[in-house]
Amino acid sequence: MYSQDPNSVAQSATYGITYESKPDGGAAVASENAIGHETVASISTHTTGYDSMNGGAGEMASYQPTGVIENGDLSNAVGGTVVQQPYEDVVYTAEEERLWNMVRDNCLDFNSWTALIDETEKVAENDIIKIRKVYDAFLAEFPLCYGYWKKYADHEGRLDSVDKVVEVYERAVLAVTYSVEIWLHYCTFAISTYEDLDTIRRLFERGLAYVGTDYGSHILWDEYIRYEESHQAWSHLAMIYTRILEHPIQQLDRYYYCFKELAASRHLSEIRTPEEAAMAAATAETGGQSLEGEVRPDGVEQSPKPVSAGLTEAEELEKYIAIREEMYKKAKEFETKIIGFETAIRRPYFHVRPLDDPELENWHTYLDFIERGDDFNKVVKLYERCLIACANYPEFWIRYVLCMEASGSMELANNALARATQVFVKKQPEIHLFAARFMELSGDVMGARTEFQLLYSEISPGLLEAVVKHANMENRLGDKDAAFSIYEKAIAAEREKEQSQILPMLLAQHSRFAYLVVGNAEKAWEILAGSLEHIQPSKPLLEVIIHLESIQPSPKHVDYLDSLVEKFIMPNPENPYMASTTDREEISSIFLEFLDLFGDAQSIKRAENRHAMLFLRQKSMLTSKKRNAEDFLTSDKAKIAKTYPEPGQSVMGAYPNAQIQWPAGYGQKAPAWPQTSQSQGQQWNPGYAPQPGYAAYGGYANYGQPQMPTSAPQNASYGAYPSPYAVQAYPQQTYAQAAPAAPAAAATAFPQQQAPTQPYYGSYY
C-alpha cells in the first residue's frame, strides 16, 4: 500500500514511558525526568529522533496494559493499579461526596466531572492531594483534554515542585501526543523554568517531531522562532525556516517572507549552519561539483543542477534562497490540494459534544485522499490528528486499525485497537464486537473470547448480538457444543430476570442455530414450543414458529398455530405487555398466508373473519378520515385556482393540482384487503444484520462507514429464516417480561431513522 518499511516509519501515539511507585506511596514519577539536569530526550524511555526533512516522529512502543501509562490509561499502571496516592484519609465535604458519587455511577458524565473539579479547586485550593486525585481520575477517563493537563501542571507548580510539573507534562504528551497546544504549553513552561538552550531546543524538537507538519502547528513554530530570535541564534533560525518551508502548514506565505527578510538582513555566514559552511568550503577547495539529489547535513537537498566552485557571495546567497524557494513552491502546491479539507475542520480538539455530519464526512474524505498517496507518515499523523477530534467515534478507530493492517503494520493496528477498547471508546459494545472478530482473524482466539466475556459481564450484559456472534465463532472453530452452551447459559440468565426483553429473540436465534447450522429440526421445534410454556407469545417467536412449521413436512399443526396466533392478536386490556396493533396485524397477515398455502377452507375463513373484525374496520375508518382531509385540502386549492385563472387558460387548466373526482371504482380496482401499514421496506437479510465497520470484514468494504448501531428488519420474505435478534440496539434497553420484544428493542440511543419493516411474507393482506 505504501512504499516504505512499516517497521521503520515514524510510529504513532503510544510512547512507552514507565512510571514507578515511590516507596512512600507518593505520586508515580517518570523513571528519568531529567529535563533540568541531563537532557529533555532522556525523559522518555526511548530517544525521539527528528529528521529535518520529513518531520518524522520517534519510535513507538507497543501498547502495554501494565506498567505503562499511555494515552491517558491509568487504570493498569504499575501491575494493574492506579497511580498510587495516599487518598484513603481524604475527607470530603457533602457536595464533594455527592459529585464523586455521580462520577462513580457514570464515569463518562463530563459535566459532573467538571463540576467536581471546580468544587475541589474551590474548597481545597491548597490541598494538592485532593487536586491530584480528582485530576488523575478525570484524565484517566478523558485523557485528550489538554487544557486540564495544563491546569493540573499549574497546580503542581503552585503547590509542589518543578519535578512534579515535568511529570504531569510527560503524562500529558503521552496522552495527547499529536496536540500542538500541549507541546506549546510544555515548551512555554520549559522556557520560563530552564536557561539551558540545548535543553529547550531538544524539547521543541521532540514536540515538532510529532506535530511539526500539522496544518495548525504555526503556533508552536512561532514560539520556537521567538525563542531563537531572543538569543540571536540566526543559523538556528534559518534552519527552522528551512524546515517550515517544506511543509504545507498554515501561514506558509508569512514564513517565506520572514525567511527572505532574514536572508536579506544577515550575512550568509551568519545564517548558514556549521555543516552547511563546511560543505561549501569543501566544495570550493576541491573545485568539484555537488551531485544531483545530494543531501546536506541539515537535510536540505542540493540544487538539481551542478554547482561550480568559485561562486561570489551574492551568487551563493541567491542559490541559498532559490533552494528554499523551490521547497516553498512545492509545499504551496500540496497546500492547494488539502486546504479545503483543513478549512472544513472546525473543531480539531477533543470534546464530548458530537461533531456534526459534514465535519465527520470531511475527516473521512480527507483520510481517503491521504491514503491514496505514498507517504505512510502522513497517513499515520492524519489518523492521529483525526482521533483527537473524533475519539468518541468507533468507526474512525476501526478504520485506523484496518488501514494499518492493510499496510502490514500490525503493531500499529493492535496498538490502536488497544487504545480504543481500553480507553477511548471502551464503553461502546461496537468496538468490542469488532475487536473480537479482528482477534479471531488474527488467530488470537483467547483474546476474542475475552472481548465477548467483557461484553457479557461489564459493557452490555444481555447484548443479543454478542451472544449470537460468540456462538457462531465457536461453531466456526468446530465446537458446536460450546455454541449451544453459550445460548443455553444466556437463556437461563434471562429467565431468572423478572423482566427480560431479549428472551424471545434469544430463543428464536437458538432455534435458528439448531435448524440451520446443526440441521436438527426436532430440537429447533422443541426450543420454541417449550419456551411458550413459560413466556407469553411474542412477534419474534411467532414468526419463527410459523416459518419453521411452513418448511417442515406435512401434516401441519394448523390448530396449534391458530391458538397461538389468536392468543397474541386478540385484545386483552388486562395484559400490560400486549403487542402493538401493527405487530398484531402483521402476525395475523403472516398466518393468513400460511393458511393460504397449507390450511383448509374452514380454517382460512375463520382466520380471515377474525382479521377483518380486528383490523380492517379500524383501517377503513383511518382511510376515510384521511380521504376527507385530502378532499378538504383539494377543495380549497381548487377554489383558489378558480379565483385566479391565468388568461386564456381552460377550465381544466386552471386546476393543475386538483384531484378529479371520477365516479367510484372508475379506472381502479380496490384490493381484496387493504395493504398492511408496513407493506413496504427493505428485503430481509437471511442472516443477522452485521454492524457497519466490520460487515464485510474479509474485504473491509465498510470500514469507513459511520458506526451507528443499526437494527435489522425483524421480518423476512417467505422462504428465509427470520432473524429477530437483530432488532436489539445497544445500549441495552430496560427489560420487560413477556413484552413484545421487537418494538421495544428497536429503539436506539442514536438519532437515526428506523427503516420500515417489511411483512414476513410478501403479503397481500
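Among the contacts in the chain with a separation of 6 or more, 66% join residues 24 or more positions apart, where contact means heavy atoms within 4.5 Å. The structure is a predicted model, in which local features need pLDDT of at least 70 and side-chain atom pairs count only at pLDDT 80 or more, while totals for chains, interfaces and linings use all residues. Residues are numbered from 1 along each chain as its sequence is written, and side-chain values use heavy atoms, with hydrogens and water left out.

The chain holds 29 helices and 2 strands; these are DSSP runs numbered from the N terminus, with helices (H or I) of at least four residues and strands (E) of at least two. Of its 765 residues, 52% count as buried, a word that stands for under 20% relative accessible area, whereas exposed stands for over 50% and partly exposed for what lies in between (1.4 Å probe, protein chains only).

Helix 18, residues 410-424, has 15 residues and reaches 20 Å from its first C-alpha to its last, close to the 21 Å expected at 1.5 Å a residue; the expected span is 1.5 Å times one less than the number of residues. Because 11 of its 15 residues are buried, helix 18 is largely enclosed by the rest of the structure. Among these buried residues are Leu-412, Asn-415, Arg-419 and Phe-424, and the buried residues of helix 18 pack against the four helices listed here.

| Helix packed against by helix 18 | Residues |
|---|---|
| helix 4 | 128-141 |
| helix 16 | 376-389 |
| helix 17 | 394-406 |
| helix 19 | 429-442 |

Aromatic rings also pair within the chain: rings of Phe, Tyr and Trp (its six-membered ring) pair if their centres lie within 6.5 Å, and planes under 30 degrees apart count as stacked, over 60 as edge-to-face and the rest as tilted. By this rule there are 32 aromatic pairs. The rings of Trp-183 and Tyr-210 are stacked, because their centres are 6.1 Å apart and their planes stand at 15 degrees. Since Trp-183 lies in helix 7 (residues 180-193) and Tyr-210 in helix 8 (residues 197-211), the pair ties together parts that are 27 residues apart in sequence. Trp-183 counts as buried at 1% relative accessibility, and Tyr-210 counts as buried at 4%. Elsewhere, one aromatic cluster is formed by residues including Tyr-92, Trp-100, Phe-138 and Phe-350.

Val-517, by contrast, is partly exposed, with a relative accessible area of 35%, and its place is in helix 23 (residues 503-518).
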